[in-house]
Amino acid sequence: MFRTLAKATAAIAVVCAVAGAGLVLNEEYGKDDSDAKDTTASAGASFTGTKKIDADGHTVNVSCSGHSDADRPLVMLMAGGGEGLDNMAALQKSLSRTDRVCSYDRLGEGKSDKPAPGTLQTVNDTGVLLTKLLDHLAGDRPVVLAGHSLGGYIAARYTPDHTDRVKGLVLLDATVPHLTRDMNRTIPADATGPATQVRDGALAANEGQNPEQFVIADGPVHSARDIPVEILKHESQYAAVPEYGPALETMWAKGQQEWQQLSTAAELTTAKDSGHYIHTDRPDLALEAVQSVTARVTARVTDAR
């Protein structure tokens, strides 16, 4: 359902499987090291390639690449809903030239376990899993989370309660903080045509009718104090719903502005010539945003010593 809706309208930006569907892990670091033993120290696990990791009672598919010392942060990439870690493989490859980078399939995505039938996942559930993964992959090093769409929403909800570890954040057209409220306000219940599919699909997905069985709940944006935060929003996305396109664009822009409340150091930028898939439409801007935050986090860690 997620993929069908995104393909038909590309408008709710909760899921995003069309533009990046052809991405695969590059052979340079795509070797499966599932049977290799980890060397876990202060810098975290050191394997390269894809690996199944036991976390919070689940088997989670993880990819890691690149090497850097423990003073530099681990970059954790978080894909959008309806997608696996392959969707961010190109960005991972570029970042891994200078930094340690990992990505993972959330439960219900890619090659990770599926959630238990009939259960719904919450932000707390995904946060517990992410913490377990970071314990294993990052060790004591700082972390930069970089999330697209639903992955950005989860990263933004997780970060304020974990600033002891997460020292920087990049949001690539993250799902907005009050999507249910804003969708109800923007497209009325008596709308017809494509707008109906957009509205009803978004509301159903928010209630947990998605591969992750994840409830995308509305809620206020909490502060992560002054950590570096880069927020990139698309330039144009809603041509498939012409009657409500301008209103949807305004809704989305206001939602991105809400995410600025995450930090006094948050910066919001429109990615020119991009749709929802900023990391594929403008990979240069996505790379620059993550590298900028990583550099600022590294400088802070160095200055604190």
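**Rings and their contacts**

Tutor: The charged end of Arg100 sits over the ring of Phe47, 5.9 Å from its centre. Lys51 also lies over the face of Phe47, at 5.7 Å from the ring centre. A charge sits over a ring if NZ of Lys or CZ of Arg is within 6 Å of the ring centre and within 35 degrees of the ring normal. Keep in mind that this is a predicted model, where local features need pLDDT of at least 70, side-chain atom pairs count only at pLDDT 80 or more, and totals for chains, interfaces and linings use all residues. Residues are numbered from 1 along each chain as its sequence is written, and side-chain values use heavy atoms, leaving out hydrogens and water.

Student: How many aromatic pairs does a search of the whole structure find?

Tutor: A pair of aromatic rings is described by the distance of the centres and the angle of the planes. Here the search turns up two. Rings of Phe, Tyr and Trp (its six-membered ring) pair if their centres lie within 6.5 Å; planes under 30 degrees apart count as stacked, over 60 as edge-to-face and the rest as tilted. Tyr153 and Phe214 are edge-to-face, 6.3 Å centre to centre with 75° between the planes.

Student: Which parts does that pair tie together?

Tutor: Tyr153 is in helix α4 and Phe214 in the loop between α6 and β7, so the pair links parts 61 residues apart in sequence. Tyr153 and Trp259 have ring centres 6.3 Å apart and planes at 75°, so that pair is edge-to-face. Tyr153, Phe214 and Trp259 form one aromatic cluster.

Definitions and conventions
Helices (H or I, at least four residues) and strands (E, at least two) are DSSP runs, numbered from the N terminus.
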